[in-house]
Amino acid sequence: ARRSLASPVVSGVLCPCGSPHGSAAESSSSSSSSGGNGSSSSGGGGSAGSCGRSLCEASEQDRRLRALFQKLDVNRDGALCIHDLAVGLGRLGLHRTELDLRKIVKAGDKDLDGQLDFEEFVHYLQDHEKKLRLVFKSLDKKNDGRIDAQEIVQSLRDLGVKISEQQAEKILKSMDKNGTMTIDWNEWRDYHLLHPVENIPEIILYWKHSTIFDVGENLTVPDEFTVEERQTGMWWRHLVAGGGAGAVSRTCTAPLDRLKVLMQVHASRSNNMCIIGGFTQMIREGGPRSLWRGNGINVLKIAPESAIKFMAYEQIKRFIGTDQEMLRIHERLLAGSLAGAIAQSSIYPMEVLKTRMALRKTGQYSGMLDCAKNILAKEGMAAFYKGYIPNMLGIIPYAGIDLAVYETLKNTWLQRYAVNSADPGVFVLLACGTISSTCGQLASYPLALVRTRMQAQASVEGAPEVTMRGLFKHILKTEGAFGLYRGLAPNFMKVIPAVSISYVVYENLKMTLGVDSR
């Protein structure tokens, strides 16, 4: 038999007779299978469950429940706090995030003392089992008391989430105890009993882990947040953590970013700027501090861009007529691309300022405001939107390829290497994200280069006013196709350190803000 992810102690604590086909009344009357309506906590009653077997007697249930409670009560004070649950469940092989543990305690804590006594613990299991029973019934399309891969595929498809049958089998394997590749009520309950999921969207998020953070490129497809995360304010903690991680990551890789901009604008066949030569030129012209020119406004634009993108994404989801937390891939692409376009349009003048500040010579501007005043006075308001069209066009291939490659890589890994779990793990997600982002950048890089050159027109002495099409033709004629990828090397050099730094900072900021990965 396959190894079950549910601890043997958890598997044996509840009566295995619970029938998902009973009526609502039967479900209520058989709640002794999850510990009894509080009577089991005192060992009284002795009423039988729907199976009528002695195993359902309250005294036997009480013994099992007390055994589990004592296993979890690591400090032996007769109550379960978050620390007790973390350590106790860890010893049973059930690892939960701090957010999950807080939800368990909050759901069962009737006297609001921040912990669960035995009676509260029994009531929590009883109430949670009822919710799990309802979810099980909704997934059991054939009404045969078992869930198979096709039923999971169909149920998720009804919610707008498309997965393959192989992915559904991975989900089944994580719960399947006897190798039948179907899940009965007992296996379902044992697996989810001590995890605070209460509905299908939450269970989908439990099955599908995701990571979101900013590494300095346009993140065009935002992550979805659960209803609870939006209601409790956890969403802004995720955004703050992502923004903080992005600020640190961008600052650490700013020299490579500035070198990329210089190579995009100034490198040519006659001026074949290399990486070492570019760094030497920057330091000779303005000292070591010049390596970070343009980084200030690059960091400042993270907050407004992230906030606008998130708000626009939520509104667009409503506009396209879905209230599901998990969107179909094409819906995510559409909503993400439009949200990215709206956010970029809102902060685009800051993009132009960032490019001008990165290209400025020592003493040319006293700061960002002085740079903005000079551009406005000499070139007018239109200068703040130079390169806008190629920038908007670049969002579509970047978002589409990034999302498609990410989903393909993740699903391929799950189908080939995930044996007992549907969770790919954070490092696999990081690798998939890095590769998909790189592919997205490759596809959209020529548009990004043209955008940067159009933004920098005034900084190139004697440069004529050109259109996007004219600039493409000029680059291809004078530099060949390779000219459209100037600065690609430093751009790719910063990907791995940016991802690594961003991940470390993001995870630490989430812990500080009280947010754990799902």
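The count comes to 13 salt bridges, a salt bridge being a side-chain nitrogen of Lys or Arg within 4 Å of a carboxyl oxygen of Asp or Glu. The structure is a predicted model, in which local features need pLDDT of at least 70 and side-chain atom pairs count only at pLDDT 80 or more, while totals for chains, interfaces and linings use all residues. Residues are numbered from 1 along each chain as its sequence is written, and side-chain values use heavy atoms, with hydrogens and water left out.

**The pair Lys494 and Asp257**

- Lys494 and Asp257 meet through their side chains in a salt bridge with an N to O distance of 2.8 Å.
- Because Lys494 lies in the loop between helix 22 (488–493) and helix 23 (495–513), and Asp257 in helix 13 (residues 254–266), the pair ties together parts that are 237 residues apart in sequence; helices here are DSSP runs of H or I with at least four residues, numbered from the N terminus.
- Lys494 and Asp257 are buried, a class that means under 20% relative accessible area, computed with a 1.4 Å probe on protein chains only.

**Other pairs**

- A salt bridge joins the side chains of Lys301 and Glu305 at 3.9 Å, N to O; Lys301 is buried with a relative accessible area of 3%, and Glu305 counts as buried at 5%.
- The side chains of Glu479 and Arg486 form a salt bridge at 3.0 Å, N to O, and both Glu479 and Arg486 are buried.

**Network**

- Through salt bridges that share partners, Asp257, Lys260, Lys354 and Lys494 are joined into one network.

Technical notes. Helix = DSSP H or I, 4+ residues; strand = E, 2+ residues; numbered from the N terminus. Buried < 20%, exposed > 50% of the residue type's maximum accessible area, 1.4 Å probe, protein only.
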